[in-house]
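Follow along with the viewer if you like.

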Amino acid sequence: MDFQWSYEIPRTVEFIRSRGFSRVALQFPDELLKDSMGVARALRHELGKGVRLYVMADTAYGSCCVDEVGASHVDAECVVHYGHACMSPTSTLPALFIFGKAFINVNACAESLLQCLSVSNKPVLVLYGLEYAHALQDLKSVMSRLLSSRGSNQMLYYSEVAHSSINPSGYHIKDIKLPESHEDAITDGEIIKNGESEVSNKLESGTKYSLGGLTWTTQSEHKMEDHLLFWIGSDNSAFANMVLTFNTYEIVRYDAEEGKLLNDFSQQTRILKRRYFLVEKAKDANIVGIIAGTLGVAGYLHIIQQMKELIEKAGKKCYTIVMGRPNPAKLANFPECDVFVYVSCAQTALLDSKEFLAPVITPFEAVLAFSRGRQWTGEYILEFQNLIASDATEIVDDNEGARFSFLKGCYVEDLQPQENNGDQKEMSLALAELTEKALNVRNQCTDSVLFKGTARSGAEYLAARSYQGLNMQYENAPLQSYVVGRTGRASGYDDEIE
């Protein structure tokens, strides 16, 4: 393999030297780890001994995100991220992204793109996986030649890579207001660099917007929904992010590995239906766990705080959990939680929670579930920065009357949030109420608390459990004399009679 070409050694060396970095972390996904030592040797040969290089693998969270936690263990000054990336903004460390250069037959791709143009009267927008960004200029040249030879004047637009490096000190999220008529608009945050608008993510005609590291511009005479989206790449998390975001648009996918043109995305449609089912299930939850699925993506603390406020205003109890990559075994340690809200980057947010004891939803789905009176208009937001920048997390005040539960098949009354008008209760009264509550919980039916979801907090759930942990008796415990154990091997101890 040509490391100089595929892993862009000269550009990486220039990035490190121009900024004077002396401690650099190289982050590789599992599938590229076999090439990590070769890349490190090539960089060390160019950079010399003045730069310390550290290879990172087995990231704490998703491999598509910059692992700032792992890099901080070696006091790295920057991270060079290799492979597939979600392009989520970092919190503290600058990062350089090396997407790689996957093989693609440009001529075959151009023929498939020309076929879409011939059968559709819509303008075509070309989107792609970042690993195919290197072939964009060749594709433009081939398509320009084919269209000019046929005398076609059909409209064809291309997306561009927004940026290949991130400097967190130069970026911040700007709060923006949604337009009044935003039923058909999917609004993202606006990225500001050095005080000037670099990418405006509002899906309005004539403006720029981005998704998954790509940016493009709609023409003033066409709306976003008027385009045919032509995706180049595999059926991965980036493609799923695009399909769910533009779930009502016409989309085709060109599989560069197979050389096929596909337009059947019924699986993604089923995913959207299941997400709606999870939203309805989350509405009946009493105890919510907020899982920190990232410690490096900018704004994750802000969205966790917003989720806490949203859940508390809905009259529910929430707990924040940090566990790295979630799996069924880890989440099974928190059986009291009826639902989990997973705060992570857009391309790792959708967990298939069929094997989990409780459903796992995204922050956007939590907004739909815990805001009374809010209806799902069809839009789907995976980037939690979009929720920070928009008014989507505003609480809809519609707590009058009971709510119909589609899963229980009846009307239910949600708990109202306890209002504190500044009058603090006396400690004696508060202690008496807590004692009475604990006694009531112990008298309740255990099956009702554990299996019917009537517990309102982790303490109530723990009180109803038969096993509450080891109970060590230290007060007036009698002294026990030591006992001599057996000696020998397990197959035949010394005191055993043959």
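**Entry 1: a strand and its partners**

Which residue stands opposite H81 in β3? I looked it up, and the residue is Q27. A reminder to myself before going on: this is a predicted model.

β3 covers residues 78–82, and five of its five residues are buried. I checked the two faces separately. C78, V80 and Y82 point one way, V79 and H81 point the other way, and all are buried.

Next I listed the pairings of β3. Strand β1, residues 23–27, pairs with β3 in the parallel sense over four bridges. Strand β4, residues 95–98, also pairs with β3 in the parallel sense, again over four bridges. For Y82, I found that the bridge partner in β4 is I98.

**Entry 2: the five-stranded sheet**

I then traced an open sheet of five strands, with the order β6-β5-β14-β15-β16 and mixed pairing. The edge strands are β6 and β16, each pairing on one side only. From one strand to the next, the twist averages 25 degrees.

How do β5 and β14 run, parallel or antiparallel? They run parallel, and five bridges join them. Within that pair, I noted L125 opposite L229 in β14.

Two helices lie across this sheet. I found α5 across β5, β6, β14, β15 and β16, running at about 165 degrees to β14. Helix α6 lies across β5, β6 and β14, and runs at about 170 degrees to β6.

I did the length check on α5, residues 106–119. Its 14 residues should span 20 Å at 1.5 Å a residue, and the end C-alpha atoms are 20 Å apart, so the two agree.

At the start of α5, I spotted a side-chain oxygen of N105 within 3.3 Å of the backbone nitrogen of N107.

Which residues of α5 are buried? My list reads V106, C109, A110, S112, L113, L114, C116 and L117. I also looked up what covers them: the cover includes β5, α6, β6, β14, β15 and β16.

**Entry 3: helix α8**

I repeated the length check on α8, residues 266–282. This helix has 17 residues and reaches 24 Å from its first C-alpha to its last, close to the 24 Å expected.

The buried residues here are Q268, R275, L278, V279, E280 and A282. What covers the buried residues of α8 includes α7, β19, β20 and α11.

**Entry 4: a hairpin and an asparagine**

I moved on to strands β12, residues 208–211, and β13, residues 214–217. They run antiparallel and are joined by four bridges. L211 has L214 as its bridge partner in β13. Two residues sit between the strands of this hairpin, and G212 takes a positive phi near 60 degrees.

Is N241 buried or exposed? Its relative accessible area is 2%, so N241 counts as buried. Leaving aside neighbours within four places in sequence, N241 is in contact with L211, A346, Q347 and L382.

**Entry 5: cysteines**

How many disulfides does the structure hold? I counted zero. C65 is in no disulfide, although the sulfur of C345, the nearest cysteine sulfur, is 3.3 Å away. The cut-off I used for a disulfide is 2.5 Å between the sulfur atoms. C65 has 8% relative accessibility, so I filed C65 as buried.

**Entry 6: the whole chain**

To finish, I stepped back to the totals. The secondary structure comes to 15 helices and 24 strands. Of the 498 residues, 47% are buried. Taking contacts with a separation of 6 or more, I found that residues 24 or more positions apart account for 66%.

How values were computed. Residues numbered from 1 in each chain as written. Predicted model: local features only at pLDDT ≥ 70, side-chain atom pairs only at ≥ 80, totals over all residues. Heavy atoms only, no water. Pairing = 2+ DSSP bridges. Expected span 1.5 Å × (residues − 1). Buried < 20%, exposed > 50% of the residue type's maximum accessible area, 1.4 Å probe, protein only. Contact = heavy atoms within 4.5 Å. Polar contact = N/O pair within 3.5 Å; in protein donor to acceptor, adjacent residues only side chain to side chain. Axes fitted to C-alpha atoms, helices over the stretch in contact; angles between N-to-C directions.
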